[in-house]
Amino acid sequence: MTKRRSFLKKITAASVGLGNLAALRPAFANPAPQAKKPVVVSTWRHGLAANEAAWKVLSKGGRALDAVEAGVMVTEAEDNLSVGYGGLPDRDGRVTLDACIMDENGECGAVACLEEIMHPISVARLVMEKTPHVMLVGEGAQEFALSQGFKKENLLTERSKKAWKEWLKEAEYKPIINIENHDTIGMLALDEEGNLSGACTTSGLAYKMHGRVGDSPIIGAGLFIDNEVGAATATGMGEAIVKICGAHLIVELMRQGYSPQEACEVAIKRISKQKNAKDIQIGFLALGKNGEVGSYALQKGFDYATYADGKNQMTDVGSFYR
Ligand code: SD4
C-alpha cells in the first residue's frame with residue numbers, strides 16, 4: 001500500500017512536469033479577502049490625472065468599462081510624448097497609435113497603427129461593440145473611425161516634430177525602450193458591482209519602423225481581463241512582452257492562486273531570461289478580483305497610480321535589477 005502510494009506520488013509529479021508538487025498553487029490556496037471596490041490603477045505618473053476621470057465614473061456606481069475609457073482619454077488628449085496627441089512619431093515622422101480595451105464579459109476591441117485620430121481607445125471600443133472583429137489596423141482602422149464620426153487631426157506637435165528632427169540627424173535605428181523613454185498608459189478598474197475592465201493606449205516605440213506594432217493593442221500581451229480572476233496590463237518594450245503573452249500569463253497565474261504581486265514577479269523573471277533583458281524596461285501591473293494590486297518591473301523607476309477609498313496616490317515599484 002505504502003509502495004503504491006509513493007509510486008503514485010512520483011508519477012503524478014512526473015506527469016505534470018514538476019519536481020515539486022508544492023509548486024502547484026490551487027485557487028483555494030489564496031482565499032480572497034474582503035473586496036476593495038471601486039478601485040482603479042494605472043501605469044506611470046500620468047495615471048493620476050487619468051484615474052481622476054475614471055473615479056468620476058466609478059464613484060457614481062458606473063461601469064468599469066466606461067471608467068477606463070474615460071480615464072485613458074485624458075492621457076490621449078494631453079500633449080505628452082508617448083500616448084495619443086504629441087506622441088513621438090515613427091522613423092518616417094508619422095504618429096501611429098495602438099490601443100485596446102476589454103470588458104467583464106471577455107469582449108475586446110483593438111486598433112493598431114492608427115493615424116490622425118486623437119482617441120484610439122474609443123475607436124477600439126467601437127471595434128468591440130459595432131463590428132464582429134477584435135482588431136482593425138492602419139488605413140482600415142482609420143476608415144472605420146471616420147465612418148463613426150471621428151475627425152482627422154494632426155497629432156504631431158512642434159515638440160515631437162523637433163525631437164524627431166533631432167533624431168534624424170543621427171538616425172541610428174536602435175529600437176529599445178529603457179528607463180528614459182517610455183510611458184504607455186495601461187488602466188485596470190474594478191467597479192462597485194465587482195466587475196473588471198481595462199484599457200491600454202500608446203504611440204508605441206519612438207522612431208520605430210513604419211507599421212511596427214507593440215504589445216499595447218494585443219489582447220493577452222498589453223492587456224488581459226478575466227472577470228473571475230483579475231486583470232493585468234503592461235508597459236515597456238513591447239516585443240519582450242508579446243514573447244511571453246505577458247498580461248495573459250499574469251492573469252492565468254492569478255487563476256492558479258498566485259497573488260497579483262507574485263504573478264507580476266514570475267512574469268518579469270521570465271522576461272529576464274530574454275537576450276536583451278538588461279537593456280530594456282518592462283513594468284507589469286495587476287489587479288485581483290478582490291481589489292488587491294500587484295506590480296513589478298525589470299528595472300528601477302516604474303511607478304503606478306491607485307485611486308481607492310477616495311484617495312489617488314503613487315506607488316514606486318520594485319524591480320528585478322536593483
Ligand atoms: C510598445 N509597450 O509599443 C509599448 C511602449 C511602452 O512605455 O509601453 N512604453 O512597445
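Analyst: Lys169 is found in helix H6, which spans residues 158-170. Helices (H or I, at least four residues) and strands (E, at least two) are DSSP runs, numbered from the N terminus. The model is predicted, so local features need pLDDT of at least 70 and side-chain atom pairs count only at pLDDT 80 or more, while totals for chains, interfaces and linings use all residues. Residues are numbered from 1 along each chain as its sequence is written, and side-chain values use heavy atoms, with hydrogens and water left out.

Lys169 counts as exposed because its relative accessibility is 64%. Here exposed means over 50% relative accessible area, buried means under 20%, and partly exposed lies in between (1.4 Å probe, protein chains only). The side chain of Lys169 makes a polar contact of 2.7 Å with the side chain of Glu166. A polar contact is a pair of N or O atoms within 3.5 Å; within protein, one must be able to donate a hydrogen and the other to accept it, and residues adjacent in sequence count only if both atoms are side-chain atoms.

The next stop is the ligand. It has 13 residues around it, and Asp183, Thr184, Arg212, Asp215 and Gly236 come nearest; a residue is near if one of its heavy atoms lies within 4 Å. A polar side-chain atom of Thr184 lies 2.5 Å from a ligand oxygen atom, and a polar backbone atom of Asp183 is 2.6 Å from an oxygen atom of the ligand. A backbone N or O atom of Gly236 lies 2.6 Å from a ligand nitrogen atom. On its own the ligand has 290 Å² of accessible area, and the protein covers 99% of this. Such areas come from the Shrake-Rupley method with a 1.4 Å probe; for residues, only the protein chains shown count as cover.

Asp215 is found in the loop between strand E6 (196-202) and strand E7 (223-226). Asp215 is buried yet has no salt bridge, and the nearest side chain of opposite charge, Arg212, is 5.5 Å away. A salt bridge requires a side-chain nitrogen of Lys or Arg within 4 Å of a carboxyl oxygen of Asp or Glu; Lys and Arg count as positive and Asp and Glu as negative, while His and the chain ends are not counted. Leaving out residues up to four places away in sequence, Asp215 touches residues including Ala221, Gly236 and Ile241. Contact means heavy atoms within 4.5 Å.

Ser216 is found in the loop between E6 and E7. Ser216 counts as buried because its relative accessibility is 4%. Among the residues that Ser216 touches, not counting those up to four places away in sequence, are Asp98, Thr184 and Gly222.

Gly291 lies in the loop between strand E9 (282-288) and strand E10 (293-297). At 4% relative accessibility, Gly291 also counts as buried. Gly291 and Lys36 are 255 residues apart in sequence but 4.8 Å apart in space, C-alpha to C-alpha.

Finally, the backbone deserves attention. Most residues other than glycine have a negative phi, and most peptide bonds are trans. A cis peptide bond, with omega about 0 degrees, joins Lys37 and Pro38. Glu116, which is not a glycine, has a positive phi of about 60 degrees, and it lies in the loop between E3 and H4.
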